[in-house]
Amino acid sequence: QVQVVESGGGLVQAGGSLRLSCTASGSVAKISAVGWYRQAPGKERELVAGMLAGNDTTFADSVKGRFTLSRDNTQKTVYLQMSSVKPEDTAVYYCNAFVMTTTREFMGSWGPGTLVTVSS
């Protein structure tokens, strides 16, 4: 069993910073890759940032230069550092983690999401 959960969402003023966490637990050996997505009210879910197995990262143009990704040493948590946030960053942020299990299988799993609200 693999569980993925996001945390760190909340209310932040425009121009401020917030750090979201994506943590995988259960039969997880390591997180191989992660995609951070967001869905604003009335809009479709969109890819915001991604980290591949080799720690290569990619970012949507709308967040490039403002958001960064990092891992912790245990390889079971990936962080999305949000800086210079804007009201248009307001959304529910979801993590999709592609993990290697303790039995050497690979599987993807979504977290339930965490709400980020940016006030102007």
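Is Asp-61 buried or exposed? I began with this residue in the predicted model, and I noted that Asp-61 counts as exposed because its relative accessibility is 67%.

**Entry 1, the exposed ion pair.** I then looked up the partner of Asp-61 and found Lys-64, with which Asp-61 forms a salt bridge whose closest N and O atoms lie 3.1 Å apart. Lys-64 also counts as exposed, since its relative accessibility is 52%, where the cut-off for that class is over 50%.

I recorded that the structure holds 4 salt bridges. In one of them Glu-46 meets Arg-38, with 2.7 Å between the closest N and O atoms. I looked up the accessibility of both partners and wrote down that Arg-38, at 6%, counts as buried, whereas Glu-46, at 35%, counts as partly exposed. In another, the side chains of Arg-66 and Asp-89 come to 2.8 Å, N to O. This pair links distant parts of the chain, because Arg-66 sits in the loop between strand S6 (57-59) and strand S7 (67-71) while Asp-89 sits in the loop between strand S8 (77-82) and strand S9 (91-101), 23 residues apart. Both Arg-66 and Asp-89 are buried. I also noted that Arg-38, Glu-46, Arg-66 and Asp-89 are linked in a network of salt bridges.

I went through the elements of the protein chain and found 11 strands and 0 helices. For S4 and S5 I noted antiparallel pairing over 5 bridges, and these two strands form a hairpin with 6 residues between them, in whose turn Gly-42 has a positive phi of about 75 degrees. For S5 and S6 the pairing is again antiparallel, over 3 bridges, and the hairpin they form has 5 residues between the strands, with Asn-55 in the turn at a positive phi of about 70 degrees. Gly-50 in S5 took my attention, as it stands opposite Gly-35 and also opposite Thr-58 in S6.

Which residues of the largest nonpolar core touch the most other members? I listed Leu-20, Trp-36, Phe-67, Leu-69, Leu-80, Met-82 and Tyr-93, out of the 30 residues in that core. Strand S1 (2-7), strand S3 (18-26), strand S4 (28-39), strand S5 (46-51), S7, S8, S9 and strand S11 (114-119) each supply at least two of its residues, and S9 gives the most, with 5 residues. I then followed Leu-80 and, leaving aside neighbours within four places in sequence, found it in contact with residues including Leu-18, Leu-20, Trp-36, Ala-49, Phe-67, Leu-69 and Tyr-93.

The C-alpha atoms fill a box of roughly 45 × 25 × 20 Å along the principal axes. I noted that 42% of the 120 residues count as buried, and that the chain exposes about 6,300 Å², of which carbon and sulfur atoms supply 49%. Lastly, I looked up the contacts between residues at least 6 apart in sequence, and 56% of them join residues at least 24 apart.

Terms used: Residues numbered from 1 in each chain as written. Predicted model: local features only at pLDDT ≥ 70, side-chain atom pairs only at ≥ 80, totals over all residues. Heavy atoms only, no water. Buried < 20%, exposed > 50% of the residue type's maximum accessible area, 1.4 Å probe, protein only. Helix = DSSP H or I, 4+ residues; strand = E, 2+ residues; numbered from the N terminus. Core = buried A, V, L, I, M, F, W, Y, C linked by side-chain atoms within 4.5 Å. Contact = heavy atoms within 4.5 Å. Areas by Shrake-Rupley, 256 points an atom, 1.4 Å probe, with all protein chains shown as cover. Pairing = 2+ DSSP bridges.
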